[in-house]
Every structure is written in C-alpha cells, then in structure tokens.
Amino acid sequence: TGLPFTLNDTPGYKITKRFLNSVVLQPLSDLSGKSSVVISHGVSEYTSVDKLSKQLISQGSTEGDIEILTNEQTLLDNIPALATTAYTNVAGDTYYIKQILSYQNNRFLLVQTRVPKANKTTTNDALDRLLSQFGFK
C-alpha cells in the first residue's frame, strides 16, 4: 500500500480519502461531516518531537486560536510517541484536537483527530478503539 502502517479494522469509522502518504477517516456517528481522523507519515527536519507536534497541531489555525491542553508521552504500537490535545476555533466553531505523533530519525507518523468540542469524550474512546487496530509494518 505504500503506507508504513496497517489498520486491521476501522471500528466506528469509514475511510473517506486515501492519499500517497495518508488516509482520512470519518466517524460513522458524525452526520455533519465536521469530524475526521487523519493518519499520515512523512519526513521533517525539526529538531524535536515537541516542535514538530506544535507545528502539526497548529496547521489550519491562527496562532491565537489554539489552546494546548495536554502534552504527554505515550506509545503508538509500542513505539514512543507524544500525545497532545488542544482546542481550536475555526470559522466560529470550537474543535477538540487529539494528536499522537511518533518521530524518529527525521521520520514521523501522525494520528490526528479533529471534532466539535461537544464530541470530545466519545472521540477519545473511539480513537482508542481505532488505534487498537493500528500496527506499524
């Protein structure tokens, strides 16, 4: 497939787009189309996972419109990663973002979900179920 990961299943999600270096999924429970999960990989010259994380989570937001909530170490398929959560304002709506970023040797793998703030709790559980199906190749 060209992607450095597999998803054995996509419980509660459907794949809506496939690109060379990423897939986009939408929760089946979201009829508005405002929620998504992106799993992507690439190369970056950033010197730290913290700097890359801030740059990636801020994409699509102006500097004053993003509020970082948490930043903590986690594992993604037993590989060290950084989990960051934030709120951002886009076109008058507040969104919750959860991002998991693995970064080693200038290569990264990003999992990022963006949902309306009201869906925060159910999104964390759904993302955990999805990531239980995730594996690096």
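Where is the place of S40? S40 lies in strand β4, which spans residues 36-43, helices (H or I, at least four residues) and strands (E, at least two) being DSSP runs numbered from the N terminus. The model is a predicted one, in which local features need pLDDT of at least 70 and side-chain atom pairs count only at pLDDT 80 or more, while totals for chains, interfaces and linings use all residues. Residues are numbered from 1 along each chain as its sequence is written, and side-chain values use heavy atoms, with hydrogens and water left out.

With a relative accessible area of 11%, S40 is buried, a term that stands for under 20% relative accessible area, whereas exposed stands for over 50% and partly exposed for what lies in between (1.4 Å probe, protein chains only). Apart from its neighbours within four places in sequence, S40 is in contact with N21, S22, F108, L109 and L110, where contact means heavy atoms within 4.5 Å. A polar atom of the S40 side chain lies 3.4 Å from the backbone oxygen of N21.

Strand β4 has pairing partners, and two strands pair if DSSP finds at least two bridges between them. Strand β3 (residues 22-27) runs antiparallel to β4 and is joined to β4 by four bridges, with L25 standing opposite V37. The pairing of β4 with β8 is also antiparallel and extends over eight bridges, and here S36 stands opposite R114.

Helix α1 (residues 49-58) has L52, S53, L56 and I57 as its buried residues. These residues cover an arc of only 120° around the axis, which puts them on the same side of α1; the arc is that of the directions from the helix axis to the C-beta atoms. An α-helix has 3.6 residues a turn, so residues three or four places apart point the same way. The cover over the buried residues of α1 includes β5 (66-76), β6 (79-90), β7 (93-104) and β8 (107-116). After α1 comes G60, whose phi is positive, near 85°.

Turning to the rings, a search of the whole structure finds three aromatic pairs. The rings of F134 and F136 have centres 5.1 Å apart and planes at 85°, so this pair is edge-to-face (rings of Phe, Tyr and Trp, the last by its six-membered ring, pair if their centres lie within 6.5 Å; planes under 30 degrees apart count as stacked, over 60 as edge-to-face and the rest as tilted). F134 is buried at 6% relative accessibility, whereas F136 is partly exposed at 28%. Together with F5, F134 and F136 form one aromatic cluster.

Definitions and conventions. A polar contact is a pair of N or O atoms within 3.5 Å; within protein, one must be able to donate a hydrogen and the other to accept it, and residues adjacent in sequence count only if both atoms are side-chain atoms.
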